[in-house]
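Have the sequence and the 3D view ready, and look up each residue as it comes along.

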Amino acid sequence: MEKQISMEEWKTIPDYEEYQVSTLGRVKRLAYYKNVCGGSKQYCKERILKPQKRKRGYQAVMLSKNSKVKSFLVHRLVAMVFIPNPDNKEAVDHINCIRDDNRVENLRWCTAKENANNPISYEKIKKANQQRA
């Protein structure tokens, strides 16, 4: 049986129309013109943002709006844009517990308790506790 490769789909990030996030967990800044000295404009081409790795292993990107810069966790952007959250759950779980695997099929909305009870997470916590004892 052949493994099906999904096509990358891009969608605009709400409140940050100059940016898009993809189903593969990539974030890009769309092409734009910026004002430079003398009143002229400079063309800036579209570019994929390089995520920063946080202490706990999550990836984050900086988005700018009205000259204000804000940090966003990539997995939360992917979930917010592509995964419906009808129950308004607060956490986003990496199903395979790999914190930099931000593909949409690896993410799900959940409660903090559901996140902790992910079978893979549970086994990792159990092993870590056994090693400490």
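## Salt bridges across the chain

Let's start with glutamate 8, which is partly exposed, with a relative accessible area of 26% (buried means under 20% relative accessible area, exposed over 50%, and partly exposed in between, using a 1.4 Å probe and protein chains only). Keep in mind that this is a predicted model, where local features need pLDDT of at least 70, side-chain atom pairs count only at pLDDT 80 or more, and totals for chains, interfaces and linings use all residues. Residues are numbered from 1 along each chain as its sequence is written, and side-chain values use heavy atoms, with hydrogens and water left out.

Which residue does glutamate 8 meet in a salt bridge? That's arginine 26, at 2.8 Å from N to O (a salt bridge is a side-chain nitrogen of Lys or Arg within 4 Å of a carboxyl oxygen of Asp or Glu). The two sit 18 residues apart and link distant parts of the chain: glutamate 8 is in the segment before strand E1 (10-13), while arginine 26 is in the loop between E2 and strand E3 (27-29). Helices (H or I, at least four residues) and strands (E, at least two) are DSSP runs, numbered from the N terminus. Arginine 26 is partly exposed too, at 35% relative accessible area.

The structure holds seven salt bridges. Another one joins the side chains of lysine 28 and glutamate 46, at 3.3 Å from N to O. Here lysine 28 belongs to strand E3, and glutamate 46 to the loop between strand E5 (41-44) and strand E6 (47-48), 18 residues apart. Lysine 28 is buried, with a relative accessible area of 9%, whereas glutamate 46 is partly exposed at 42%.

Next up are lysine 89 and glutamate 114, whose side chains meet in a salt bridge of 3.1 Å, N to O. Lysine 89 lies in the loop between H1 and E10 and glutamate 114 in helix H2 (residues 112-116), so this pair ties together parts that are 25 residues apart in sequence. Both ends are partly exposed: lysine 89 has a relative accessible area of 23%, and glutamate 114 has 28%. There's also a network of salt bridges that links Asp101, Arg103 and Glu105.

## The nonpolar core

Now for the greasy bits. The largest nonpolar core has 20 residues, and Ile13, Val21, Val27, Leu63 and Leu77 touch the most other members (such a core is a set of buried Ala, Val, Leu, Ile, Met, Phe, Trp, Tyr and Cys residues joined through side-chain atoms within 4.5 Å). Which element supplies the largest share of this core? H1 does, with six residues.

Take valine 27 as an example: among its contacts are Trp10, Ile13, Val21, Leu63 and Leu77, leaving out residues up to four places away in sequence (contact means heavy atoms within 4.5 Å).

Histidine 75 lies in helix H1 (residues 74-82). Is histidine 75 buried or exposed? Because its relative accessibility is 5%, histidine 75 counts as buried. Its contacts include Val92, His94 and Leu107, again not counting residues up to four places away.

In strand E10 (residues 91-94), Ala91 and Asp93 point one way and Val92 and His94 the other way, and all are buried. In a regular strand the side chains alternate between the two faces of the sheet. E10 and E11 pair in the antiparallel sense over four bridges (two strands pair if DSSP finds at least two bridges between them). Histidine 94 has leucine 107 as its bridge partner in E11.
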